[in-house]
Amino acid sequence: MTHAMSKGSNIPLDATTVRAVVRWTAGQGTPDVDASALLLGPDGRVRSDEDFVFYNQPRHPSGKVWRLGKRRGADGLTDTVQAELSGVESAVGRILLVASADGAAFDRVRAMSILLYDAAAPDGEPLARFDIKPETGRETALICGELYRRGEGWKFRALGEGYSNGLKGLATDFGISVDESEEAEEDSSGAGAGAGGAQPLPPEAPTYGYPQAVGVAPAAAVTAAVPATAGPGYGYPQAGYDPEFRLPPQGPQFAGR
């Protein structure tokens, strides 16, 4: 049975690994949407920039939270984050599930929702569904929901909290350091993944979460670094993924997104 969530409601989770799927409907003028996650410590902030899982850093160093990438299906477009809750470090108390729009506000994104699945039964019905309605429509980033510890287990809470200053502003609020210099350089040159609009998504792959053809081959260094236990999709090209990204001392780059 799927729980239809309202803003602020929560449900307990029995699943040890969950798949959070952000879904929206494509259309003319609809911006691309990216899913990401922030792992928060006891103080409600990230412990380091490595606790930010997003399009240029698609897997947490612990290997327990990662992006599966985008798909086009009969019900719309999706971007997905998976979390192995049973293995998440004890210092992490919350995992924020975030959506950001590429170069536009969420009033141009139609029928957006987040669906939570038991990853052990990905073809089964969702554990929960939350239809997200931005409060102002001017938001460019949204905290769709959060996974959080309660006693020895985990729960999911529907949130739908918006930011008008994008993924960069949201991430900064939770302790991420942002590299402003390279972002300004890319913006001035018109470079970046969003400069030419959203890349077209490939047809739905027969096996969920495996390589998506986006016309970019993964850098050799990235491919070589993929551990044997890496989750589905890690180390393969994902829509919007920049294989040349290197996390600078100042923090992650958001240019062109």
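Phe 52, Phe 54 and Tyr 55 come together as one aromatic cluster. The model is a predicted one, so to speak of local features takes a pLDDT of at least 70, side-chain atom pairs count only at pLDDT 80 or more, and totals for chains, interfaces and linings use all residues. Residues are numbered from 1 along each chain as its sequence is written, and side-chain values rest on heavy atoms, with hydrogens and water left out.

Back to the rings. Two aromatic pairs turn up in the structure, a pair being rings of Phe, Tyr or Trp (its six-membered ring) with centres within 6.5 Å, called stacked when the planes are under 30 degrees apart, edge-to-face when over 60 and tilted for the rest. Phe 52 and Phe 54 have ring centres 4.4 Å apart and planes at 0°, so this pair is stacked. Phe 52 is buried, at a relative accessible area of 0%, and Phe 54 is buried as well, with a value of 0%; here buried means under 20% relative accessible area, exposed over 50% and partly exposed in between (1.4 Å probe, protein chains only).

Salt bridges come next, each defined as a side-chain nitrogen of Lys or Arg within 4 Å of a carboxyl oxygen of Asp or Glu. The count comes to 11. One of them joins the side chains of Lys 7 and Glu 135, at 2.5 Å from N to O. This pair links distant parts of the chain, 128 residues apart: Lys 7 sits in the loop between strand E1 (3–4) and strand E2 (10–13), and Glu 135 in the loop between strand E10 (128–131) and strand E11 (141–150). Strands (E, at least two residues) are DSSP runs, as are helices (H or I, at least four), and both are numbered from the N terminus. Lys 7 is partly exposed at 45% relative accessible area, while Glu 135 is exposed at 64%.

Lys 70 and Asp 32 make another salt bridge, with their closest N and O atoms 2.7 Å apart. Lys 70 belongs to strand E6 (residues 65–73) and Asp 32 to the loop between E3 and E4, so the bridge ties together parts 38 residues apart in sequence. Both ends are out of the way: Lys 70 is buried at 2% relative accessibility, and Asp 32 is buried at 10%. Asp 34 joins in too, as Asp 32, Asp 34 and Lys 70 are linked in a network of salt bridges.

A further bridge has the side chains of Glu 146 and Arg 157 meeting at 2.3 Å, N to O. Glu 146 is in strand E11 and Arg 157 in strand E12 (residues 153–163), so parts 11 residues apart in sequence are tied together. Glu 146 is buried, with a relative accessible area of 4%.

Arg 157 also has its charged end over the ring of Tyr 148, 4.2 Å from the ring centre. For a charge to sit over a ring, NZ of Lys or CZ of Arg must be within 6 Å of the ring centre and within 35 degrees of the ring normal. Arg 59 does likewise with Trp 66, its charged end lying 4.7 Å from the centre of that ring.

Finally, there are two cavities of 30 Å³ or more. On a 1 Å grid over the protein atoms alone, a cavity is a set of points where a 1.4 Å probe fits but cannot get out, and lining residues have an atom within 4 Å of a point. The second largest cavity has a volume of about 40 Å³, the volume being the space filled by probe spheres set on the points, which are joined across faces, edges and corners. Its lining includes Ala 20, Val 22, Ala 35 and Ser 36, and strands E3 (17–25), E4 (33–40) and E8 (94–101) each supply at least two of the lining residues.

Terms used: On a 1 Å grid over the protein atoms alone, a cavity is a set of points where a 1.4 Å probe fits but cannot get out, and a pocket is an open set with protein on both sides within 12 Å along at least five of seven lines; lining residues have an atom within 4 Å of a point.
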